[in-house]
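Please consult the sequence and structure shown here while reading.

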Amino acid sequence: MKDRAGRRRARRFAIGTAVVVALAGMNGPWLYRFGTEKYHQYKINQPEYKAANGKWEIVEFPEEYRQNTIHAALLRTGKVLLVAGSGNNQDNFDAKQYDTRIWDPVKGSIKKVPTPTDLFCTGHTQLANGNLLIAGGTKRYEKLKGDVTKAGGLMIVHNENPDKPITLPAGTKFTGKENGKTFVSKDPVLVPRAEKVFDKETGKFLRNDPGLGRIYVEAEKSGAKYETGTQDNYTVAGLKGDDARNTYGIAEKLALDKKDFQGIRDAFEFDPVAEKYIKVDPMNEARWYPTLTTLSDGKILSVSGLDEIGQIVPGKNEVYDPETKTWEYTGKVRQFPTYPALFLMQNGKIFYSGANAGYGPADVGRDPGIWDLDTYKFTKVPGMSDANMLETANTVLLPPAQDEKYMVIGGGGVGESKLSSEKTRIVDLKADDPKFVDGPSLDKGTRYPQASILPDDSVLVSGGSEDYRGRGDSKILEARLYQPDTNEFERVADPLVGRNYHSGSILLPDGRLMFFGSDSLYADKANTKPGKFEQRIEIYTPPYLYRDSRPDLSGGPQTIERGESGTFTSRAAGSVKKVRLIRPSASTHVTDVDQRSIALDFKADGDKLTVTVPENKNLVQSGWYMMFVTDGEGTPSKAEWVHVP
């Protein structure tokens with residue numbers, strides 16, 4: 001691999017030198033007139049250059065099909081689901097204009113799909129049957145401080161009655177005992193009954209721990225004079241007798257401060273054959289920016305997010321059962337920032353890389369570690385460099401997945417920080433004492449980098465910005481291929497489009513990569529011109545697709561059980577060096593916990609290739625996979641779809 005990488009670097013240099021010498025040998029004025037941009041286009045379109053560096057191309061949908069794509073997932077049909085919801089556009093939200101598209105990258109066709117609710121900033125993951133589970137989204141857009149007219153915030157409602165819960169309807173009034181100010185609830189709230197606490201040794205009754213409900217309240221009238229500055233107890237209007245004695249509210253500061261987004265409970269399965277959303281039972285918690293991760297038993301863990309009152313979900317995690325299509329709490333609490341990068345390990349535990357994409361306290365739930373869902377024990381993994389810059393970092397399970405090595409790439413400070421990291425950090429979870437070590441550095445501190453696994457085991461790292469959401473025109477138009485076996489980056493062709501916040505990437509079945517989205521705050525260095533959402537799709541064709549030939553692959557079973565084998569046909573069977581099962585991506589906000597590439601054992605006999613799927617259900621999660629074969633030059637076939645039940 002080192003020899004091949006060295007040859008490629010030398011070839012890239014030689015190509016550039018040859019072109020410059022050829023042009024300079026004509027005449028100076030012609031070279032000047034040719035211009036830098038024309039020369040660049042000439043160079044990057046040379047066959048030799050593409051064979052060494054790959055090529056980027058822009059796909060621009062017809063105007064009526066364009067949207068602000070926030071989420072994307074590869075479906076088992078080979079088509080790509082592009083989800084915008086309201087697309088970070090409050091005008092769309094207010095008009096209830098929610099968008100979804102299905103794009104066929106082979107035929108180039110685009111289809112609009114009815115979108116049932118605002119799936120902006122939802123969570124998603126691939127299910128065993130090939131459906132895509134989608135959960136959460138947007139109930140309310142944020143309100144910036146200057147736009148907030150009524151003081152408001154979080155009210156914690158207490159119920160000290162151990163015999164029954166109590167429901168307070170929307171519009172319930174709460175009046176402060178000390179401040180005398182009245183606030184009104186925006187939604188109904190169910191407050192569970194109090195829990196009786198007994199001494200474990202004597203059985204003696206000790207106390208009632210009140211049941212707690214959380215609700216967003218606003219002042220009855222506009223103006224700063226209705227703000228509160230300190231905690232107060234609040235009586236609840238309309239209650240009588242025991243209910244009035246047992247039920248009360250407690251709130252901290254209720255002010256005209258910025259109000260965050262609010263989440264929804266709605267959940268859907270997207271059927272890739274019928275190409276429609278199917279409503280399933282809602283989550284127990286409303287979530288905006290949640291992560292969905294597949295567990296050992298095929299159920300789906302839903303973690304974090306902002307709830308229906310704009311507060312981070314306080315560690316209440318829940319699980320979706322695809323058989324019953326219902327949700328249950330895990331029973332114990334652990335809090336993470338929003339969109340935490342959570343991956344199923346081969347031992348059934350959950351690895352949290354520390355990377356995340358947004359909201360949450362700077363000092364809660366940000367340490368990387370290994371989470372045992374059976375015991376709820378969390379073991380920290382040490383060694384992370386730039387540990388205060390893991391927000392907007394990307395995490396990728398390096399191929400092959402059997403090695404259980406993860407790379408954390410770039411990142412930045414919490415919130416709208418200017419801090420950004422050029423670090424990559426790698427951890428080997430199979431080590432006796434796992435710890436992070438630094439990998440090769442990026443050229444610049446990079447927030448929102450994309451990381452995409454390729455069939456030849458390389459990882460394309462591209463895009464991002466040096467500052468929060470591309471402020472100061474800080475987009476990074478660079479791309480590199482990371483080689484896990486040499487632990488080195490190789491610079492390849494530069495992308496044409498900047499990508500930062502609200503962007504992502506998807507590996508396509510033909511071995512190309514698709515990039516979508518980007519949502520810069522500003523479009524200039526002075527931060528005076530508002531940014532425009534990037535609606536163009538960009539395709540990267542890796543160098544391996546500019547070689548003279550590629551191995552073929554066909555036939556074989558569509559379903560292979562874990563531990564079982566299947567035989568496929570390939571005229572190049574004798575030259576195959578690797579076989580990989582790659583799980584299709586579900587990408588958003590530099591988070592793609594579905595992405596993984598699994599090495600398969602194989603045997604060649606003439607034009608027959610027999611492959612064997614590993615037995616470990618945590619390594620090979622149930623579902624549909626792309627199967628690629630790769631020859632000695634690293635050239636992959638087109639994918640065959642294989643289902644592992």
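## Contacts and basis of the model

Of the contacts in the protein with a separation of 6 or more, 61% join residues 24 or more positions apart; a contact means heavy atoms within 4.5 Å.

The model is predicted: local features need pLDDT of at least 70, side-chain atom pairs count only at pLDDT 80 or more, and totals for chains, interfaces and linings use all residues. Residues are numbered from 1 along each chain as its sequence is written, and side-chain values use heavy atoms, with hydrogens and water left out.

## Overall form

The protein contains 6 helices and 48 strands, which are DSSP runs numbered from the N terminus (helices: H or I, at least four residues; strands: E, at least two). Along the principal axes, its C-alpha atoms fill a box of roughly 90 × 65 × 45 Å.

## Burial and cores

Among the 645 residues, 56% count as buried, that is, under 20% relative accessible area with a 1.4 Å probe, protein chains only. The largest nonpolar core has 45 residues; such a core is a set of buried Ala, Val, Leu, Ile, Met, Phe, Trp, Tyr and Cys residues joined through side-chain atoms within 4.5 Å. Strand β39 (residues 513–517) gives this core its largest share, 4 residues.

V459 is one of the residues with the most contacts inside the largest core. Not counting residues up to four places away in sequence, V459 touches V396, L398, P399, A451, S452, I453, R480, L481 and Y482. A second, separate core of 37 residues includes A355, V381, M384 and Y406.

Key: Buried means under 20% relative accessible area, exposed over 50%, partly exposed in between (1.4 Å probe, protein chains only).
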